[in-house]
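Please read it with the structure open.

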Amino acid sequence: NESVRGSAQYNRLLLNDRAFFYGRADALHDGIADVEYRLTLGPGAGYYFIKSDKTTLSAEAGPSFVTENQGGINNQYAALRLAERFEHKLTDRARVWQSAEVMPQVDDWDNFLIVGEIGIEADLTEKLALRAFIQDTYDNAPALGRDKNDLKLVTAIGYKF
């Protein structure tokens, strides 16, 4: 399906155990949506509304820089990132999660992305996990001739660092 996505995020807790700063990087290649690459980098702040051994619910906000080649056109812009994430451990080896993210371009509100995801994961080993999730991406300014909405059902093997 010509799709590769990767992301990394580092959270640094503040004085209490609920508020945090983060640094985040996302990379995407999606041949079907005609996105050769999309790289998103940015810092931000977040807060855990629920934070227990089994369940977390957090919200995040911050600026981002986006550079992309979509439909053969290179584009760079500043965006605002608003996100939330819920996670619940079913057992010591299985969990469910849900996340949503909105990223509008700050000087052109008609160019925005919305990404939602819901999934389940089960550990196979200490480092490997089996994941199954549904991801819905809405791009209000897609490449020429492409749909705005992209719904995927994904099964994958994940590696834990």
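1. Basis. This is a predicted model, in which local features need pLDDT of at least 70, side-chain atom pairs count only at pLDDT 80 or more, and totals for chains, interfaces and linings use all residues. Residues are numbered from 1 along each chain as its sequence is written, and side-chain values use heavy atoms, with hydrogens and water left out.

2. Content. The protein has zero helices and nine strands. Helices (H or I, at least four residues) and strands (E, at least two) are DSSP runs, numbered from the N terminus. Read from the N terminus, the order of elements is β-β-β-β-β-β-β-β-β. The radius of gyration, taken over C-alpha atoms, is 16 Å.

3. Dimensions and surface. Along the principal axes, the C-alpha atoms fill a box of roughly 45 × 35 × 25 Å. The accessible surface is about 9,800 Å², by the Shrake-Rupley method with a 1.4 Å probe. Carbon and sulfur atoms account for 60% of that surface. Of the 161 residues, 32% are buried. Buried means under 20% relative accessible area, exposed means over 50%, and partly exposed lies in between (1.4 Å probe, protein chains only).

4. Contacts along the chain. Contact means heavy atoms within 4.5 Å. Take the contacts between residues at least 6 apart in sequence: 44% of them join residues at least 24 apart.

5. The sheet. What is the order of the strands in the open sheet? It is E1-E2-E3-E4-E5-E6-E7-E8-E9, with antiparallel pairing. Strands E1 (3-13) and E9 (149-159) are at the edges and have a single partner strand each, so one side of each is left without a neighbour in the sheet. On average, neighbouring strands are turned by 20° against each other, direction ignored.

6. The E1 end. Two strands pair if DSSP finds at least two bridges between them. E1 and E2 (residues 19-30) run antiparallel and are joined by 11 bridges. Ser7 stands opposite Asp26 in E2.

7. A hairpin of four residues joins E7 to E8. E7 (residues 108-123) and E8 (residues 128-139) are antiparallel, with 11 bridges. Gly119 has Phe133 in E8 as its bridge partner. E8 also pairs with E9, again antiparallel over 11 bridges. There, Ile134 has Leu153 in E9 as its bridge partner.

8. Phe112. This residue is in strand E7. Which residues does Phe112 touch, not counting residues up to four places away in sequence? They are Met103, Pro104, Tyr138, Asp139 and Asn140. Phe112 and Tyr138 are 26 residues apart in sequence and 8.2 Å apart in space, C-alpha to C-alpha.

9. Ala33. This residue is in the loop between E2 and E3 (35-51). Is Ala33 buried or partly exposed? Its relative accessibility is 23%, so Ala33 counts as partly exposed. Ala33 touches Ala143 and Arg146, not counting residues up to four places away in sequence. Ala33 and Arg146 are 113 residues apart along the chain, with their C-alpha atoms separated by 6.1 Å.

Technical notes
Axes are lines fitted to C-alpha atoms, for helices over the stretch in contact, and angles run from 0 to 180 degrees between N-to-C directions. The radius of gyration is taken over C-alpha atoms; the globule rule is 2.2 Å times the number of residues to the power 0.38.
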